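Visitor: I am new to this structure. Please show me how to read its features one by one.

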Amino acid sequence: MLLLIGDCTICLTQSSGHLYSPSYPTYYLPNKQCSWNITVPLGHVIRLHFIDFDLEESSFCNKDFVSVYDWKRKWKLAGRFCGRRYPEFVQSNGNRMLVRFTSNSNIQRTGFKAQYKAVKGRLRSRDGLIMR
């Protein structure tokens, strides 16, 4: 099920799907914040795989960036990514994940395309990030 809340908050409850930055593959808008709240069946974790990724570059990823949060009794930042630096995949500890895109007013790029899928049990690195 796909549920759109407001301008740019999306709840995803299917076992797999895609996420796109606003206007992808054309340039995203300035000063935009979008969230994707992903929930898969209990007993599964979420594997998020970035297929395409091009955001404004910044040393501390504080201009345009994607933040990924993992839910296990509370939201915990799993990673923040910008420019062309991103992991091969991010995997949750539980059945919920929050992906948040933020852009500022400076430079716009094509953004990102990602795919998620529910995976039974656990297969992950210690910190949940597998770098390319």
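Guide: Begin with the elements: helices (H or I, at least four residues) and strands (E, at least two) are DSSP runs, numbered from the N terminus. In these terms, proline 25 sits in the loop between strand 3 (16–20) and strand 4 (33–39). This is a predicted model, in which local features need pLDDT of at least 70, side-chain atom pairs count only at pLDDT 80 or more, and totals for chains, interfaces and linings use all residues. Residues are numbered from 1 along each chain as its sequence is written, and side-chain values use heavy atoms, with hydrogens and water left out.

Visitor: Which peptide bond is cis?

Guide: The bond from tyrosine 24 to proline 25 is cis, and its omega is near 10 degrees.

Visitor: What is phi of serine 23, and where does serine 23 lie?

Guide: Phi of serine 23 is near 75 degrees, a positive value in a residue other than glycine. Serine 23 belongs to the loop between strand 3 and strand 4.

Visitor: Is serine 23 buried, exposed or partly exposed?

Guide: Buried means under 20% relative accessible area, exposed over 50%, and partly exposed in between (1.4 Å probe, protein chains only). Serine 23 has 38% relative accessibility, so it counts as partly exposed.

Visitor: What about arginine 73?

Guide: Arginine 73 has a phi near 75 degrees, a positive value in a residue other than glycine. The loop between strand 6 (65–71) and strand 7 (75–81) holds arginine 73. With a relative accessible area of 74%, arginine 73 is exposed.

Visitor: How many disulfides are found in the whole structure?

Guide: A disulfide is a pair of cysteine sulfur atoms within 2.5 Å. A search of the whole structure finds two. The link is right-handed, with 90 degrees about the S-S bond. Cysteine 8 is buried at 14% relative accessibility, and cysteine 34 is buried at 0%.

Visitor: Which cysteine is joined to cysteine 61?

Guide: Cysteine 61 is joined to cysteine 82, S to S 2.1 Å. Cysteine 61 lies in the loop between strand 5 (44–54) and strand 6, and cysteine 82 in the loop between strand 7 and strand 8 (87–91), so the pair ties together parts 21 residues apart in sequence. The torsion about their S-S bond is about -75 degrees, so this disulfide is left-handed.
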